Amino acid sequence: MIRLVRACFLLVSLLAAPCALAQIVIVAGARSPLPDLTPEQAEQFYLGRAHTLPDGSVVTLADLPTGAVRDQFYQQLTRKNANQIRAHWSRMVFTGRALPPQQAESVAQLRLWLAAQPNLIGYMPAAEADGRVRVLLRLP
Amino acid sequence: MSLMRQLRRKAATILLALAVAPAHAETDAPASPPRFELSGFGTLGAVTTDDKDVWFTRYGVNFPGTKDPDFSPDTLVGVQGSLRLTPYNDITLQGLVREDGDASQDPQLTLAFFRQTLAPGLSMRLGRVRVPFFMLSDSLYVNYANPWVRPPVEVYGLNPFNDLDGIDFIYNGRLGAFDIEIHPYYGGGRIPFPQGKARLKEVFGVNLGLSRGDFSLHLGHGEGTFTLERGDTLFLAVSNILQLTGQGGVIADLSGTHGRTRFDSVGVQWDDGSWQLIGEFARRKTNRYVVSAHGWYLSLGRRFGPVMPYVVVAHQTLDEQFAEARLPPGRLAAAWNLFQVSRNNAQRSVTLGARWELAAYAAVKAEVTQARPDDDAWGSYAPRGDAQTTRIGGRTLNTFSLSLDLSF
């Protein structure tokens with residue numbers, strides 16, 4: 001009986017695993033000169049309140065398409081849910097305060113962009129951050 | 001039509017034409033400067049009142065409607081294009097189509113600026129931006145970004161100006177545990193209204209924003225000179241009366257080119273993802289032409305998944321009329337009284353509403369407002385029929401608003 005319970009528990013755990021939240025990392029291209037970011041710096045960039053580092057170098061932003069990874073990223077970094085973030089960025093863009101992040105169609109396209117633009121940063125699940133990108137910040 | 005107006009119309013028309021052209025599309029090519037961004041926002045909104053002898057009106061924003069329900073107070077579409085020239089500068093144009101205070105639906109150029117990053121956290125914009133007198137002024141028409149159908153008229157009706165042609169600086173930095181934004185600006189603007197024009201000139205102001213986590217605070221001050229040249233029938237009649245009664249000097253307080261004004265505002269926002277609290281106090285002080293008044297609102301909302309019901313309490317109070325005259329009782333005094341009452345927007349209101357996130361970047365909102373204009377005011381209403389015989393002040397008026405907001 002105990003074995004059966006354990007087996008059921010293992011099965012449920014395995015089924016639930018793909019739904020569990022994966023760690024998300026903020027990345028740049030592998031040859032990017034950008035330094036590691038603090039959570040505060042990354043939050044300022046992704047709220048559109050800053051677009052330069054203290055040394056004056058410009059940081060441009062990339063987004064992933066609307067979906068679970070994007071929602072989780074903003075929730076963890078800015079503590080704002082998807083509706084709050086959409087309203088926030090609408091205000092930032094249409095008041096002319098910030099240019100919107102470039103939206104990649106996929107992680108693969110994001111990697112291409114990161115390789116071509118040294119000052120571009122993006123985010124992706126940690127498992128997809130391979131040797132073509134450099135991790136600037138790991139979200140909790 | 002002035003050359004400037006023709007040029008503005010032309011530029012706005014070109015921008016809107018760009019919006020429907022298939023020239024812009026996301027590609028696999030890595031985006032690097034120069035890069036063009038195209039985006040837009042829009043609202044389809046209908047408004048009706050339960051008493052059919054008045055129109056709901058946003059003074060300075062729309063012209064009282066001719067159809068019920070009225071689509072003119074909130075319906076609009078805006079298209080924005082930004083061209084990033086280098087990592088340090090860009091050009092942004094925004095065109096907006098909506099009804100203005102002159103009942104015109106010509107495209108308007110609402111943003112047209114060149115931005116330069118001057119230092120880390122500091123940027124300069126040169127050209128046309130939005131007048132940022134109050135906390136939400138520069139996103140007044142981006143209804144998707146606001147929780148309500150429209151920002152409360154008791155506060156946002158205090159400033160009818162939209163455009164600021166000039167220069168501003170925006171600095172973002174840290175102050176201890178707070179994110180700070182300092183936003184000084186200088187410039188002028190104009191608004192059309194029936195048989196008249198108003199100009200804002202030599203306006204200087206500064207806004208201060210502090211935010212930490214779910215909380216943000218706004219402080220704003222702006223002041224400058226303004227002109228208001230009236231030509232409407234009631235003004236001309238009142239001017240004649242004043243001349244005939246030997247009070248011609250009062251006319252200089254009703255219409256002219258020597259006004260001074262100042263705007264002050266304090267606003268707070270708290271939004272933890274579930275509860276949303278927004279409050280603001282704003283004051284307009286003038287020396288002539290329009291009343292001095294102050295207003296405030298308090299809004300509380302609670303999110304239940306995609307739906308957020310909210311309640312808003314708002315109040316605008318007259319501080320000072322802009323002119324005084326002594327007229328014998330009867331028709332002459334009635335005309336003078338009507339002139340002043342029709343330019344007083346003081347009222348109190350309670351609004352119950354709900355916002356539903358229909359889809360990503362689409363929201364439906366519905367709200368019912370019970371408003372009571374002060375006894376000597378029209379509040380945010382205008383008579384449908386004879387202004388002399390339609391009493392608005394002191395009545396309780398129910399207004400229903402329904403809107404669909406998009407951001408794309």
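User: Is B:Tyr289 buried or exposed?
Analyst: First, a heads-up: this is a predicted model, where local features need pLDDT of at least 70, side-chain atom pairs count only at pLDDT 80 or more, and totals for chains, interfaces and linings use all residues. Residues are numbered from 1 along each chain as its sequence is written, chains are lettered from A and ligands numbered from 1 in the order in which they are written, and side-chain values use heavy atoms, leaving out hydrogens and water. Buried means under 20% relative accessible area, exposed over 50% and partly exposed in between, using a 1.4 Å probe and protein chains only. B:Tyr289 has a relative accessible area of 1%, so the residue is buried.

User: How many aromatic pairs does the structure hold over all chains?
Analyst: Rings of Phe, Tyr and Trp (its six-membered ring) pair if their centres lie within 6.5 Å; planes under 30 degrees apart count as stacked, over 60 as edge-to-face and the rest as tilted. Over all chains, the count of aromatic pairs is 19.

User: What kind of pair do A:Phe73 and A:Tyr123 make?
Analyst: Their ring centres are 3.7 Å apart. The planes sit at 5 degrees, so the pair is stacked.

User: Which ring does the charged end of B:Arg125 sit over?
Analyst: A charge sits over a ring if NZ of Lys or CZ of Arg is within 6 Å of the ring centre and within 35 degrees of the ring normal. Here the charged end of B:Arg125 is 5.0 Å from the centre of the ring of B:Phe113.
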